[in-house]
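This note is written for a colleague who is meeting the structure for the first time. The points below take up the ligand and then a pair of helices.

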Amino acid sequence: MNIQNYIGGALINPKGELFLDNYNPATGKVYSYIPDSTEEDINNAFKAAKNAFPTWSKTTKEERFKVMMRIADLIEERHDELALAESTDNGKPVKLASHVDIPRAASNIRFFATAILHYASESHDMDGAAINYTLRKPIGVVGCISPWNLPLYLFTWKIAPALAAGNTVIAKPSEVTPMTAYLFSKICIEAGLPEGVLNIVHGLGANVGAAITAHEGIKAISFTGGTETGKTIAKVAAPMFKKLSLELGGKNPNIIFADCDFEQALRTSVMSSFANQGQICLCGSRIFVERPIYEKFKTAFVAKVSRLKVGDPNDPTSNLGALVSKEHLEKVKGYIALAQEEGGTILTGGNQVYLDGALADGNYLEPTVIEGLSYNCRTNQEEIFGPVVTIMPFDTEEEVTDFANSTEYGLAATVWTQDISKGNRMAANLQSGIVWVNCWLLRDLRTPFGGVKNSGVGREGGFNALNFFTEPTNVCIKV
Ligand code: NDP
């Protein structure tokens, strides 16, 4: 099966007629082919998006709302097909795609379809002498580049506010997980999204992503992915003064105080460590436990983790499926080896898992817990992005704050304590864009989402995203 680009309202092959292999991570086998698009395809997509902009930017908010709601409805109608496709492409359990990825993709579209109806801009009264008001205008043609870990979820999270604000879009999903973006383009056609409003171009980051970044006419880029790729994009985009929203890597602390609700902290920590095979930018990969409960927590945690089932993503009893690619599996295994070189002890896991039959070449890895490392070793400083966590004791609030803040990242942190004052103090002192207290991954789509330090620049979510995808003009009228 050949995936196609979605340009100017039509599904078409790349100009060069070249395709790349698309692997099923559960079997390690090629199961479809992706357009190996080039700058030429981006130029075509740009023409289509530019032609569509004058009309789309002048549609009423109500019209944009209606077509986006049809898209959301169709995502829900195709729920099972999309969930299976996401699992086949990414290796995640179908159960996870069914409960998280696909419902959230529909929610993203619906959320921004309705948000635009409520979006208002400021006015500033100069004590009666003059009145200022802010006009919020769509930017023009914008770029959205997304990663492989939550494919349709993050793809729609960017596209929805861009479209709702009246922009036309060139979007690139990860080359590793293109399938649901392709199915999404079919949904957009069926929903009647006018041609050229959204253009989806598949291919390698170094070709397609780089061509989006370098294109003079694309005035804003919303990117989610690795910190190194973010740096490359920022370097190319800065001299053109493009607007950039960069959602990058993380090395998130999960801080467990002795006064926590033990059972809740334990249950949620298993999820926050290993959901999606640990391939969520928000996963807590460094677990810090206050010394009085360290041994108790460690024993209970390891017991629970060692019972997790790594298996066929189609099997509803599997807790973990396959890692996204062979390359990524090797990278994660490399970090397990590094942790041991650095003096770490593997408490559970650490090995590749070999399943039978059709799954024999899949990318499976045991959920792994490592103890005995210092907070500042490479294993505890670099993003692994797999089913690997470290566990360490701490003695004081100040000490754990220093440990938590010691990395170059600052995306998300979790704090477990029944003392709400302590929770508030920690939230104030942690260098992190998001702090969860006594929960994890609880998301209100209106809230600012993003990281500090090398975890990114800018915030997505709610009106932040609509502000990003619009240009303000201040109009000052003398009274
Ligand atoms: P990458 O940075 O490798 O890729 C992200 C996207 O950028 C892909 O579509 C990729 O294409 C594309 N790309 C690659 N090179 C370039 C380039 N030179 N110019 C423009 N685009 C390019 O990240 P991963 O896909 O490996 O995703 C994992 C990373 O994403 C982790 O670091 C994770 O923390 C981060 N992430 C951050 C989130 C956040 O909200 N902060 C959420 C989810 C993930 P291709 O795949 O074809 O190479």
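This is a predicted model: local features need pLDDT of at least 70, side-chain atom pairs count only at pLDDT 80 or more; totals for chains, interfaces and linings use all residues.

**Notes on the ligand site and a helix crossing**

1. The ligand is surrounded by 31 residues, and S146, T229, L248, C281 and E383 are the closest of them.

2. The side chain of W148 places an N or O atom 2.8 Å from an oxygen atom of the ligand. At G205, a backbone N or O atom is found 3.0 Å from a ligand oxygen atom. A polar backbone atom of G225 is 3.4 Å from an oxygen atom of the ligand.

3. Turning to the helices, α3 spans residues 79-90 and α4 spans residues 94-118. Their axes come within 8 Å and cross at roughly 115 degrees. The crossing of α3 and α4 is right-handed.

4. On the α3 side, the contact is made by H79, L82, A83, L84, E86 and S87. Helix α4 contributes V94, A97, S98, D101, I102 and P103. By residue type, the contact of α3 with α4 comprises 7 nonpolar, 3 polar and 2 charged residues.

Methods. Residues are numbered from 1 along each chain as its sequence is written. Side-chain values use heavy atoms; hydrogens and water are left out. Axes are lines fitted to C-alpha atoms, for helices over the stretch in contact, and angles run from 0 to 180 degrees between N-to-C directions. Helices (H or I, at least four residues) and strands (E, at least two) are DSSP runs, numbered from the N terminus. A crossing is left-handed if the near helix is turned anticlockwise from the far one by less than a right angle, and right-handed if clockwise. Contact means heavy atoms within 4.5 Å. Ala, Val, Leu, Ile, Met, Phe, Trp, Tyr, Cys and Pro count as nonpolar, Asp, Glu, Lys and Arg as charged, and the others, Gly among them, as polar. A residue is near a molecule or strand if one of its heavy atoms lies within 4 Å of it. A polar contact is a pair of N or O atoms within 3.5 Å; within protein, one must be able to donate a hydrogen and the other to accept it, and residues adjacent in sequence count only if both atoms are side-chain atoms.
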